Amino acid sequence: MGSASPRDHLMKLLEPVVSAEGLDLEDITVTQAGKRRLLRVIVDRDGGVSLDDVADVSQAVSTALDDTDAMGQAAYTLEVSSPGVDRPLTEPRHWRRAAKRLVKAELKDGTVVEGRVKAADESGVDLDVAGEPRRLDFEDLTRGRVQVEFRRIDDVDGDEG
């Protein structure tokens with residue numbers, strides 16, 4: 001295994017398995033949970049992840065782990081899920097998937113901008129900030145976070161009152 005960490009080894013092993021299911025592997029964590037270990041695999045894709053997607057990728061990941069000794073002989077629990085709303089937006093795909101969502105963006109100069117994501121590409125994100133368009137280049141951002149809304153814009157668009 002060399003100098004690669006166990007997490008790096010698992011990422012390298014599972015990334016093609018998750019990709020074959022049409023998903024992106026966002027993160028892997030292994031934590032101790034009593035006598036067992038908990039392996040959390042976070043997956044996502046444009047348009048979101050359904051329960052069927054989670055079931056399919058869980059089966060594929062489980063099979064890949066059973067075919068190798070990546071988790072060793074000790075018992076572990078596999079948990080596959082999509083990222084939560086609190087996941088930081090750090091990659092262009094995260095910003096693209098946050099379209100129509102209200103976000104807080106922290107810039108390298110220390111300022112914070114809050115606005116709704118209109119679009120994102122490989123170099124930056126377009127926000128609607130208080131009705132005004134604003135372009136933020138990824139090189140100027142440190143991170144962003146989706147803001148929790150009890151009534152999202154998509155909900156308002158379809159309501160009659």
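Is Phe138 buried or exposed? Phe138 is buried, because its relative accessible area is 17%, and buried means under 20% relative accessible area, with exposed over 50% and partly exposed in between, using a 1.4 Å probe and protein chains only.

A word on the source. This is a predicted model, where local features need pLDDT of at least 70, side-chain atom pairs count only at pLDDT 80 or more, and totals for chains, interfaces and linings use all residues. Residues are numbered from 1 along each chain as its sequence is written, and side-chain values use heavy atoms, with hydrogens and water left out.

Back to the rings. Rings of Phe, Tyr and Trp (for Trp, the six-membered ring) pair if their centres lie within 6.5 Å; planes under 30 degrees apart are stacked, over 60 edge-to-face, and the rest tilted. The count here is one aromatic pair. Trp95 and Phe138 form this tilted pair, at 6.3 Å centre to centre with 45° between the planes. Trp95 sits in helix α3 (residues 92-97) and Phe138 in the loop between β7 and β8, 43 residues apart. Helices (H or I, at least four residues) and strands (E, at least two) are DSSP runs, numbered from the N terminus. Trp95 also counts as buried, because its relative accessibility is 1%.

Now the sheet. Five strands form an open, antiparallel sheet in the order β7-β6-β5-β4-β8; two strands pair if DSSP finds at least two bridges between them. The edge strands, β7 (132-137) and β8 (141-146), each pair on one side only. Five bridges join β4 (residues 102-107) to β8. Lys104 has Arg145 in β8 as its bridge partner.
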